[in-house]
Amino acid sequence: MPSIPERLRGSPLLVISSLMFAVMAFCARTVAGRLSVGQVVCARFAIGLVFLAFYFPLTGTRPRMGRPVLWALRGLFGGGSVYCYFVAIDRLAVGPATLLNACWPICAAILGIFILGERVNGYLATGLLATTCGAGLVIWSTVEGGLSLTSGVGAWAGVASALLSGAAVIALRALRGDTDAASIFLSFCLFGLLFGLPFALQDWRPVTSDMVLPLLGVGLSSVVAQMIFTYAMGYVTAAAGGITTQLTPAFSWLLGALLLGEPLRPLAMVGSLVCMGGVLWGTGLVPRLLLPEARPAP
């Protein structure tokens, strides 16, 4: 049996990570309007820090910051991306902001070529294009009355969120050669909390008992999703990782339809199928089944 390319080892984990990110979004949706965005963001990162406070002592390890500048950049880029993303949501609404942010895998793939010297073959390129288009269709279907993008602070913030997300993933990829997933996750949580705290303090709302469980769901699902994502990105290129994570909008739509009774929109169904097809093609599974002689490069 031919050896499986290294990048395929990370793809199944990234599918699970995408599902958990969708669970996080689902939990956040249940408190939308009752808590400020800043409070939800802070809950996400604070729970992550609590998890790490137990993780390191229980595993007998310590955070590793062998390259402190790169370690800090991962957190700064990630926290900045979250900040810009929510500025875009505030100015543009969720649909357009999410669509702009969903372009981050393209940014990561381009940066990966020039900074890390990663290769993007034909399978990866077409898979990335298909999954991005599919994610766009799913997001578009959730916007009532169509999608409207206008040039301004919100649009530029959405573009910045995609660029910073791509840069954060490149920093993560560079660190994974000699830094464990938990240490990288620590950077993201620490700087993410610092970015979210001003939002929370500016628009603080009372937290009632019925909000505690959804907030825990946001934090815990984020921990699982981010730890798996960080670990798996040590085995795939930025482009290959970006392909698989574009399943998140499709999973999010599916959870909303099944658990919240949201309408089953044909456009979202088409987008989900396009996403899944792009993942299967871009990660090399379909080419291997249909074209046994094909050997997508890792």
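Which helix does Ile 16 lie in? Select Ile 16: the residue is in helix H1 (residues 6-29), where helices are DSSP runs (H or I) of at least four residues, numbered from the N terminus. This is a predicted model, in which local features need pLDDT of at least 70 and side-chain atom pairs count only at pLDDT 80 or more, while totals for chains, interfaces and linings use all residues. Residues are numbered from 1 along each chain as its sequence is written, and side-chain values use heavy atoms, with hydrogens and water left out.

Ile 16 is partly exposed, with a relative accessible area of 43%; buried means under 20%, exposed over 50%, and partly exposed in between (1.4 Å probe, protein chains only).

Next, select Trp 104. Leaving aside residues up to four places away in sequence, Trp 104 touches Ala 162, Ser 165, Gly 166, Val 169, Phe 229, Gly 242 and Thr 245, a contact being heavy atoms within 4.5 Å.

Now go to helices H8 (residues 181-202) and H9 (residues 209-232), whose axes come within 9 Å and cross at roughly 125°. Axes are lines fitted to C-alpha atoms over the stretch in contact, and angles run from 0 to 180 degrees between N-to-C directions. The residues in contact include Phe 185 and Phe 188 of H8 and Met 227 and Tyr 231 of H9.

Finally, colour by pLDDT, the predictor's confidence in each residue, from 0 to 100. The chain averages 80, but residues 292-298 are below 50. Where pLDDT is low, the predicted coordinates should not be read in detail.

Notes: Helices (H or I, at least four residues) and strands (E, at least two) are DSSP runs, numbered from the N terminus.
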